[in-house]
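Let's take a friendly walk through a protein model together. Please have your viewer ready, and follow along residue by residue.

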Amino acid sequence: MRRECDVVVVGGGMVGAALAGLLARRAPDARVTVLDAAAAPAWRPDAPHGLRVSALSAASARILE
């Protein structure tokens with residue numbers, strides 16, 4: 001299948017997702033595609049917690065909302 005887009009964001013981590021979200025908000029007519037090497041992991045409430053910690057500013061939280 002061939003799909004056309006205006007912007008391709010390579011990497012679906014925090015930075016790639018934030019960029020894609022900002023682009024979608026600022027240019028709602030743009031076709032944005034996010035490519036990542038792996039599928040997003042399924043979230044399970046009983047899964048063990050990782051040790052990685054991230055801090056977000058209020059502005060960053062608004063972007064991700």
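The paragraphs below go through salt bridges, a surface patch and a pocket.

First, the ground rules: this is a predicted model, in which local features need pLDDT of at least 70, side-chain atom pairs count only at pLDDT 80 or more, and totals for chains, interfaces and linings use all residues. Residues are numbered from 1 along each chain as its sequence is written, and side-chain values use heavy atoms, with hydrogens and water left out.

How many salt bridges does the structure hold? There are 2, where a salt bridge is a side-chain nitrogen of Lys or Arg within 4 Å of a carboxyl oxygen of Asp or Glu. One of them joins the side chains of Asp-6 and Arg-31, at 3.3 Å from N to O. This pair links distant parts of the chain, 25 residues apart: Asp-6 sits in the segment before strand 1 (7–10), and Arg-31 in the loop between helix 1 (14–26) and strand 2. Helices (H or I, at least four residues) and strands (E, at least two) are DSSP runs, numbered from the N terminus. Asp-6 is partly exposed at 46% relative accessibility, and Arg-31 is partly exposed at 43%. Here buried means under 20% relative accessible area, exposed over 50%, and partly exposed in between (1.4 Å probe, protein chains only).

Arg-44 and Asp-46 also meet through their side chains in a salt bridge, again with 3.3 Å from N to O. Arg-44 is partly exposed because its relative accessible area is 48%, while Asp-46 has 60% and counts as exposed.

Now turn to strand 2 (residues 32–35), where you will find Leu-35. With Val-8 and Val-10, Leu-35 makes a nonpolar surface patch of about 290 Å². Patches are made of residues with over 30% relative accessible area and no salt bridge, with like charges joined within 9 Å and nonpolar side chains (Val, Leu, Ile, Met, Phe, Trp, Tyr) within 5 Å; the areas come from the Shrake-Rupley method with a 1.4 Å probe, and for residues only the protein chains shown count as cover. Leu-35 is partly exposed because its relative accessible area is 45%.

From Leu-35 to Gly-50 there are 15 residues in sequence and 24 Å in space, C-alpha to C-alpha. Gly-50 is one of the residues that line the largest pocket, together with Pro-41, Ala-42, Trp-43, Arg-44, Ala-47, Pro-48 and His-49.

Key. 1 Å grid on protein atoms, 1.4 Å probe; cavity = no way out; pocket = protein on both sides within 12 Å on 5 of 7 lines; lining within 4 Å.
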